[in-house]
Every structure is written in C-alpha cells, then in structure tokens.
Amino acid sequence: VQENRENGKFIVLEDKSVWEIDARNHHVTSQWHQYDAIAVRFQETAEPPFQYGLTNEDKDEGASARWVRPQR
C-alpha cells in the first residue's frame with residue numbers, strides 16, 4: 001500500500017495503480033496502512049464491476065475491488 005484514501009474507499013499501490021474498494025469492504029480496508037503487502041488477483045466469479053480481489057498479506061484479509069483508470 002502506498003496510500004489509503006477516503007478511509008479505505010480507495011487503495012493506491014506501489015505501482016501507482018488506484019483501486020476502488022467495494023463499499024461492503026470499507027471496514028476492512030480502512031485499517032490498511034502504508035507498506036502493507038498487497039496481492040491482486042482477478043476473480044472470475046465476482047459481481048461486476050468489483051471483479052478483482054486485493055489481499056493484504058500482512059493482515060490475512062481481503063477486499064473486492066475495481067481498477068480505476070488514472071485521470072490525465
């Protein structure tokens with residue numbers, strides 16, 4: 001994690017990718033901190049638009065997310 005924005009609504013990773021977190025998971029991601037190790041995986045059976053899973057490997061917890069296209 002590089003940055004936790006809006007109390008867990010958005011997670012910015014080290015590669016500068018921005019992930020919007022499913023509202024049902026904000027209570028989890030609000031506790032994620034800078035330098036936590038995150039793994040990203042595609043979840044084929046998940047409901048659109050939150051078809052990715054972010055797993056916090058330091059805390060052993062996860063959240064559904066969608067990649068947010070960077071603004072130019």
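# Reading a predicted model: a guided tour

Visitor: Which residues make up the largest nonpolar core?

Guide: The largest nonpolar core has 11 residues, namely Val1, Ile11, Leu13, Trp19, Ile21, Val28, Trp32, Ile38, Leu54, Ala63 and Ala65. Strand 3 and strand 6 are the elements that give two or more residues to this core. In soluble globular proteins, nonpolar side chains tend to be buried together. A nonpolar core here is a set of buried Ala, Val, Leu, Ile, Met, Phe, Trp, Tyr and Cys residues joined through side-chain atoms within 4.5 Å. Buried means under 20% relative accessible area, exposed means over 50%, and partly exposed is in between (1.4 Å probe, protein chains only). Helices (H or I, at least four residues) and strands (E, at least two) are DSSP runs, numbered from the N terminus.

This is a predicted model, in which local features need pLDDT of at least 70 and side-chain atom pairs count only at pLDDT 80 or more, while totals for chains, interfaces and linings use all residues. Residues are numbered from 1 along each chain as its sequence is written, and side-chain values use heavy atoms, with hydrogens and water left out.

Visitor: With which residues is tryptophan 19 in contact, leaving aside its neighbours within four places in sequence?

Guide: Contact means heavy atoms within 4.5 Å. With those neighbours left aside, the contacts of tryptophan 19 include Ile11, Leu13, Leu54 and Ala65, and also Val40 and Tyr52.

Visitor: Where on the surface is there a nonpolar patch?

Guide: Patches are made of residues with over 30% relative accessible area and no salt bridge, where like charges are joined within 9 Å and nonpolar side chains (Val, Leu, Ile, Met, Phe, Trp, Tyr) within 5 Å. In this model Val40, Phe42 and Tyr52 form such a patch, with about 260 Å² of accessible area together. Accessible areas come from the Shrake-Rupley method with a 1.4 Å probe, and for residues only the protein chains shown count as cover. Tyrosine 52 belongs to strand 5 (residues 52–56) and is partly exposed, at a relative accessible area of 31%.

Visitor: How many salt bridges does the count come to?

Guide: Side chains of opposite charge can pair when their charged atoms come close. The rule for a salt bridge asks for a side-chain nitrogen of Lys or Arg within 4 Å of a carboxyl oxygen of Asp or Glu, and by this rule the count comes to four. One of them joins arginine 66 and glutamate 20, at 2.7 Å from N to O. Because arginine 66 lies in strand 6 (residues 61–68) and glutamate 20 in strand 3 (residues 18–21), the pair ties together parts that are 46 residues apart in sequence. Glutamate 20 is buried, with a relative accessible area of 16%, whereas arginine 66 is partly exposed at 30%.

Visitor: Which residues have a positive phi, and where is the cis peptide bond?

Guide: Most residues other than glycine have a negative phi, and most peptide bonds are trans. Asparagine 7, however, has a positive phi near 55°; this residue lies in the loop between strand 1 (3–5) and strand 2 (10–12) and is exposed at 60% relative accessibility. Aspartate 60 also has a positive phi, of about 55°, although it is not a glycine, and aspartate 60 sits in the loop between strand 5 and strand 6. The cis peptide bond joins proline 48 and proline 49, with omega about 5°, and proline 49 lies in the loop between strand 4 and strand 5.
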